[in-house]
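My notebook is open and I am ready to look around. Here is what I looked up, one entry at a time.

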Amino acid sequence: MTTKILVTKSSMPPYEEYIEAIKPLWDTHWLTNMGIYHKQLEGELRDFLNVKELSLMVNGHMALEMAIQMMGFPSGAEVITTPFTFISTTHAIVRNNLKPVFCDVKDADGTIDETKIEDLVTENTVAIVPVHVYGNVCNVEEIQRIADKYNLKVIYDAAHAFGVNYKGLGIGSYGDASVFSFHATKVFNTIEGGAVAFKEHLYYEKLYNLKNFGIRGEELVTSVGANAKMNEFCAVMGLCNIRHLKETFQSREERYSFYKKELSGIRGIRLFEEKEAVTKNYAYFPVCITEEYGRTRDEVYDMLAEQDIHARKYFYPLTADQACFRNKYRDMNLSVARTLASQILVLPFWADMEFDKLQYIVDLLGKFGGAI
Ligand SMILES: *Cc1c(COP(=O)(O)O)cnc(C)c1O
C-alpha cells in the first residue's frame with residue numbers, strides 16, 4: 001500500500017451541498033454575530049445531543065475555559081482532574097487561575113478513577129473536571145455523589161463523546177456542564193467549533209456574555225467577556241454534517257466491529273472495556289500494546305510509520321508530565337495513568353475508511369507481535 005494513512009480523516013458533506021447552503025450568505029452579508037445559522041445549529045444540536053440547554057462556541061477549548069469561568073471559582077482554588085487527556089483540559093483549568101490536582105485513571109477504560117477522587121478533596125477543592133476519554137463514559141453516578149457530598153461542581157470534558165447516550169440521556173445531561181468539541185478531527189465537525197451543554201438556564205446568559213464581550217445592547221456592556229462566537233460558515237458546515245450523522249455512525253460502527261473482531265485474535269493487544277447502557281459513538285479506535293504482545297508500543301508506532309501509517313500516541317505523555325506542568329501541581333501516584341500512556345496507541349479510523357486499509361493494518365499488527 002503506497003498511500004499515506006493518517007489517524008483520521010475529517011468528515012465533509014458533498015461539495016455541492018455545502019456550496020448551496022452557504023449561498024444565502026452572499027445575499028445577507030451576515031457572516032457572524034449569532035446569525036440565523038448559529039441559532040439553527042444551536043437548536044439542532046440541542047435536540048441531537050439530547051440535552052436541555054446548549055451554547056455554541058468558536059471551539060472546544062474556549063467552551064471549556066468559559067464553562068469553568070462561568071462558575072466563578074475563587075482564584076487559586078483546586079480542581080480535581082485527569083492527566084490522561086488532551087492538553088486542552090489542563091490548560092483550561094490553569095488559564096482560569098485554578099490549580100489542577102491530578103487523579104489517577106482506571107486501567108479498564110482510561111477514565112478518572114472515582115475511587116481515588118475523595119482522597120484528593122481538600123477545603124480548597126471547588127470542582128471535578130473528568131473526561132469521557134475516547135467516548136468512554138466516566139462513572140457519572142459516583143462522581144456526582146462525591147460532588148454532592150463536598151459541594152463541588154462537575155464540568156465534563158465531553159470532547160470525545162459527541163452523540164454518546166448513557167441510560168437514555170444525552171451524555172451532556174450529567175454534571176453541571178459538559179463541553180463538546182467540533183474540531184475538524186472529531187466525530188462531528190464545524191471545521192472549528194464547540195459547545196457547552198447544561199441544565200440551568202442561567203448559564204446560557206453567562207456564556208452568552210462571556211462569548212460576546214458582555215454586550216447586552218448597543219450602548220450597554222454589563223460584564224467582562226471575550227470573543228468566542230461561532231461564525232456562519234462554520235455553523236453551515238455543522239448543519240450540513242449533521243444531516244449525514246446517521247450514516248456516519250453506522251459506517252463507523254461497521255469498521256469498529258471489523259477492527260474489534262480481527263484484533264481480538266492477536267495476543268497482547270488489549271481493547272478497553274465497554275460499559276453497559278451506553279450508546280457509543282465509535283469516535284476512535286484506541287488499543288493498548290501490553291507486555292504480552294512482545295513488542296513495545298513505540299516499536300509498533302515506528303513499524304507502522306515506516307509503512308506510512310500514522311497512528312497516534314494519544315495520550316502520551318500525561319498532561320501532568322508535560323514541560324509546562326511537570327512538578328508544579330499536587331498529584332497522587334499516577335502509576336496506572338503512566339502505564340496506560342506508555343501502552344496506548346490510537347489506530348487510524350474514520351467513517352468511510354476502506355476495509356482493505358483496515359485489513360492491512362490488522363495484518364501488520366498480527367505479523368509484528370513477538371509472541372512470548
Ligand atoms: C479536541 C479536544 C479539546 C479541545 O477542543 P478544540 O475544539 O480542538 O478546541 C478538549 N479536550 C479534549 C479531550 C479534546 O480531545
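I found three strands in an open sheet, ordered β7-β6-β13, with antiparallel pairing. Strands here are DSSP runs of E with at least two residues, and helices are runs of H or I with at least four residues, both numbered from the N terminus. Two strands pair if DSSP finds at least two bridges between them. The edge strands are β7 (169-170) and β13 (278-279), as each pairs on one side only. I then looked at β6 (residues 165-166), which two bridges join to β13 in an antiparallel run. The bridge partner of N165 in β13 is T279.

**Ground rules**

I noted that this is a predicted model, where local features need pLDDT of at least 70, side-chain atom pairs count only at pLDDT 80 or more, and totals for chains, interfaces and linings use all residues. Residues are numbered from 1 along each chain as its sequence is written, and side-chain values use heavy atoms, leaving out hydrogens and water.

**The whole chain**

I listed twelve helices and 15 strands in the protein chain. The C-alpha trace spans about 70 × 55 × 40 Å along its principal axes.

How much of the protein chain is buried? Buried residues make up 55% of the 372 residues; buried means under 20% relative accessible area, exposed over 50%, and partly exposed in between (1.4 Å probe, protein chains only).

Last, I checked contacts (heavy atoms within 4.5 Å). Among those between residues at least 6 apart in sequence, 72% join residues at least 24 apart.
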